Amino acid sequence: VTPRTIYRDVEAISQAGIPIVAQPGVHGGISIMEEYKIAKKLFTVSDITALLIGLGSIHSSLSGEEILHAMAKVKGLIPPEQVRNIELKSNQIAVDHTPWLGDKKLRVNLEEIRMALKENRFVRFQYSDQGGKKSQRKIEPYRLVLKYSNWYLQGYCTTREDFRTFRLSRISGLELLEETFEPREFDYGPLEVSNRTEKKKIPVK
């Protein structure tokens, strides 16, 4: 990761009230104070409710044991007398990114890409651009992004020798390769995707 990413994460940890210690020199670094232990009281009822809503929205699109485990751990922070109340509140808001009829191919692709991201493995697929022109691509995957209700994959395309953004709905024949790669410097800034839905809008009474 870049130094900017590290400083941003350290600032977020510090703002959460967790004490940060910085040691200069060759054997120095940034760490959480050794004596510090996370306490259940660090999270309020509202905090835990927000965490459950957020994890639930992720799980609607990305199934996985780690998300279920995280949800179970968060629920373990709930005081026994607050369990019923928090479960009711967290179920009041549901964020489901999946279409009504579902999309099995998209879910399979998401799981394959998640594995590639986790293990730094190449993926290969056929891609159709906006004009319908198809091309074979082999990329180093770096990030999955959900924007404008569409999933996008960002990565380094070995064909174009540059970073590219691919819309998952235009990907077919996705293959998770055994070949691995050494991650490059990648800018995790905001994803620039033009919203072309304006052309599709039709006034309806």
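Among the elements of the chain, the lowest mean pLDDT, 80, belongs to helix α2 (residues 45–61), and the highest, 95, to strand β3 (residues 121–128). Here pLDDT is the predictor's confidence in each residue, from 0 to 100. The structure is a predicted model, in which local features need pLDDT of at least 70 and side-chain atom pairs count only at pLDDT 80 or more, while totals for chains, interfaces and linings use all residues. Residues are numbered from 1 along each chain as its sequence is written, and side-chain values use heavy atoms, with hydrogens and water left out. The average pLDDT of the chain is 83, and 85% of the residues score at least 70.

The chain contains five helices and seven strands. Helices (H or I, at least four residues) and strands (E, at least two) are DSSP runs, numbered from the N terminus. Strands β1 (residues 20–23) and β2 (residues 29–32) pair in the antiparallel sense over four bridges; pairing requires that DSSP finds at least two bridges between two strands. Ile-20 has Ile-32 in β2 as its bridge partner. Five residues lie between the strands of this hairpin, and Gly-25 takes a positive phi near 95 degrees.

Of the 205 residues of the chain, 27% count as buried. Buried means under 20% relative accessible area, exposed over 50%, and partly exposed in between (1.4 Å probe, protein chains only).

Eight salt bridges are found in the whole structure. A salt bridge is a side-chain nitrogen of Lys or Arg within 4 Å of a carboxyl oxygen of Asp or Glu. One of them joins the side chains of Asp-187 and Arg-4 at 3.0 Å, N to O. This pair links distant parts of the chain, since Asp-187 lies in the segment after β7 (171–180) and Arg-4 in helix α1, 183 residues apart. Both Asp-187 and Arg-4 are exposed.

A salt bridge also forms between Arg-184 and Glu-140, whose closest N and O atoms are 2.9 Å apart. Arg-184 is in the segment after β7 and Glu-140 in strand β4 (residues 134–147), so the pair ties together parts that are 44 residues apart in sequence. Glu-140 is buried, because its relative accessible area is 4%, whereas Arg-184 is partly exposed at 39%.

Within helix α5 (residues 104–119), Glu-111 and Arg-114 are three residues apart and are therefore separated by about one helical turn. Their closest N and O atoms are 3.8 Å apart in a salt bridge. Arg-114 counts as buried at 18% relative accessibility, and Glu-111 as partly exposed at 27%.
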